[in-house]
Amino acid sequence: MTSKHEHYYVPAQSAWPIIGALGLFLIAFGAGSYVQQLKTDGGSGGFILLAGIAIIIFMIFGWFRTVIAESMSGLYSKQMDRSFRQGMSWFIFSEVMFFAAFFGALLYARMIAVPWLGGDSNNAMTNEVLWPGFEAVWPLVMTPDGTRTEAMGWTGLPLYNTIILLTSSVTLHFAHVSLEKEKRSAIAIWLGITILLGMGFLVLQAEEYIHAYQEMGLTLSSGVYGNTFFLLTGFHGMHVTLGTVFLMVLFLRVLKGHFTPEKHFAFQAGSWYWHFVDVVWLCLFIFVYVL
Amino acid sequence: MSTITQDSPAAQDDHHDDHHHGAPKGIMRWLLTTNHKDIGTLYLWFSFIMFLTGGAMAMVIRAELFQPGLQLVEPNFFNQMTTVHGLVMVFGAVMPAFTGLANWLIPMMIGAPDMALPRMNNWSFWILPFAFAILLSSLFMEGGGPNFGWTFYAPLSTTYSPDSTALFVFSVHIMGMSSIMGAINVVVTIVNMRAPGMTWMKLPLFVWTWLITAFLLIAVMPVLAGTVTMVLTDKYFGTSFFDAAGGGDPVMFQHIFWFFGHPEVYIMILPSFGIISAIVPAFSRKRLFGYSSMVYATASIAILSFLVWAHHMFTTGMPVFAELFFMYCTMLIAVPTGVKVFNWVATMWRGSISFETPMLFAVAFIILFTIGGFSGLMLAITPVDFQYHDTYFVVAHFHYVLVTGAIFSIMAGAYYWLPKWTGNMYDEKLGRIHFWCSVISVNVLFFPMHFLGLAGMPRRIPDYAVQFADVNQIVSIGGFAFGLSQLIFLAVVIKCIRGGEKASAKPWDGSEGLEWTLPSPAPYHSFSTPPEIK
């Protein structure tokens, strides 16, 4: 709350939200149709989905351009800045809960579902009658119905990726510190390094996926180990991609001379998002790879 | 809250900033709007249309159940009706109605110029009609729409579901995005936009309950998104989260779903508590009894709501320790809820009560919601739940809390604030007719369901044993009567918008809060300059 009243900017009518709603509609309807048409091949779902994505990208550009222009022309008060910051924090909290659903599935499968199938707790007959010979181990390299796979180790690529992502959090922090001291070229350098590290992470993860699919027989459909592995790392990878794009936009804005030590909400938001993605990876590394 | 006073009576909208504008004309006003009142109106109308849509599906269900044997519809279509009735009522009627009320009222109640993020506000709303267009269109596709119950338990929603399940999944995804954005907007508005002097413990309870509701929404809607994603990959991409053959577990679905689902139940009732806490003092002409205990009780209910999810799953074969834990936690919720009911009754105690329509609905809420609460307490007891599980007793329970709870509070709120929204008094006589028709028919509809359930009639089945025939007939008659009664409400609202006795700024003697310091109808932009609260 402000003790002295500042003007709170209430934007006039805007077309971007309804364009965004239309885009989401096409994405949802297109994706829903596309997924159904996977088995039959053919159909227009994929095109509708792409059209939706194109509209959303168009909307993001337009909406953000409007917001940046409003911000640069000084329409936003301190109170407005707080609205944005709080909004971003709650958005990140919602993302945490999204990942929590999949971590919950991982822990339930690992600590309850698989042991029970192996006869644990009071489920001796489940194992004896329904899945005779099934042995409960984690990583689940052989499912109850006999699908075999291999477990992904934590050394090698995953470890490199952990180091890369942790380093990128540090370099991004240096960029932030430089911003607060208003050292323009240092911001750009540190931010540039962070972006390169993010891209490096994605390349290595792609390599890991190819290795898993082609050499280890670890796929999305190889039982609950593969399911949780790919959904968790996959959604994380999507977030890294989004975060990298976010940082690239910030990079361009830094080059254009945007952001001051006092006012840099977008930079702050991008940095929060990146640190969040980093923390998720740390949990992933521990629970999916190491333990 | 009687400490809220308005400094100058002219704190309304007579100092326009130059870029501020009145309401634009035509359809574009509604498509492009960033105004919290316009968006609130959109939400409320959308919710009412969905209420009638979901209601029509309930009529199909009750018509089929009027007599034993298969009468009117195919069993598969019956399943689609129960499923989509639930989805439409939960995500299309009750939640948007509360969001609509929040949009209309929260900025006025806290002395803010608008919601904190007005453009995102518009986006949150306009996603909804599209999402429901997708969901409802799937009913007309080959193989039919969702038929697995609104809870979409695996494997019904994975192995045995219709082809169109993907559309259900993605429509739920975008509904969830809409809810999350709406909730973020509410939280930020309340935390950041309060007028100077509007300290936490001066907030109207509707604002408090919505703040806590919004927190619950942000916490659990993403979990729902995760659940439907796993259903999607299980059905279409060969994963086995909910399939024992691949090391998963169908019971895991229920755990994840109800981790979302139980807080969701409170999302649909906490704002009701806020509405009732505004109306009961207004018509008792007394201050609310126990304001701070109301706040703490709301927060306690919200925290406990994360610890009780498995009481929906007592018959899935959980270890005894888990059954006991969830039983005790569930029963604990009766304590803060009891505090609330006690406070409302104590507010009325020796008050100078008058029974206009909002108060009639509020009193009915207190009595009938409490009945729903008590049957919930019965269901919380693990050993007896084994008997009640998946019977009409459960159906009776949650309709008492959702229809005579959530819906009645929304009706009460609509009557209470209609003069503020439209500038006209609604037709009091018609309102009372609506109330008495509703309250009688709703009890004819749902009360006998308790007996059906106790006698063992299972839910979600289009046929039943002949000994249930008479009671089902009574229930169906109550259902049709309740459905028709809601058309009276539509008539009242339309009549009120079109004209009627002019409402003063504060048409109810006992009402308190900043919204009553504004003229009726409330101006398009209110509180461009925040009021001072002493």
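Predicted model: local features only at pLDDT ≥ 70, side-chain atom pairs only at ≥ 80, totals over all residues.

**Where the chains meet**
- The contact draws 60 residues from chain A and 64 residues from chain B.
- On the chain A side, helix H1 (16-37), helix H3 (78-117) and helix H7 (223-255) each supply at least two residues.
- H3(A) gives the largest share of that side, with 22 residues.
- Sorted by class, the side of chain A that touches chain B holds 37 nonpolar, 20 polar and 3 charged residues.

**A helix pair in chain B**
- Helix H3 (residues 75-110) and helix H6 (residues 205-236) of chain B have axes that come within 10 Å and cross at roughly 120 degrees.
- That angle is why H3(B) counts as oblique to H6(B), since roughly perpendicular covers 65 to 115 degrees and roughly antiparallel needs over 145.
- The crossing of H3(B) and H6(B) is left-handed.
- H3(B) brings B:Ala102, B:Leu105, B:Ile106, B:Met109 and B:Ile110 to the contact, while H6(B) brings B:Phe206, B:Val207 and B:Trp210.
- By class, the residues of this contact of H3(B) with H6(B) are 8 nonpolar, no polar and no charged.

**Helix H8 of chain B**
- Helix H8 (residues 270-284) of chain B has 15 residues and spans 22 Å from first C-alpha to last, close to the 21 Å expected at 1.5 Å a residue.
- H8(B) is mostly covered, with 15 of its 15 residues buried.
- Following H8(B) comes B:Arg285, which has a positive phi near 55 degrees.

Notes. Residues numbered from 1 in each chain as written. Chains lettered and ligands numbered in written order. Helix = DSSP H or I, 4+ residues; strand = E, 2+ residues; numbered from the N terminus. Expected span 1.5 Å × (residues − 1). Buried ≥ 20, exposed ≤ 12 C-beta atoms within 10 Å, placed from the backbone. Contact = placed C-beta atoms within 7 Å. Nonpolar A, V, L, I, M, F, W, Y, C, P; charged D, E, K, R; others polar. Axes fitted to C-alpha atoms, helices over the stretch in contact; angles between N-to-C directions. Parallel < 35°, antiparallel > 145°, perpendicular 65-115°, else oblique. Left-handed = near helix turned anticlockwise from the far one by under 90°.
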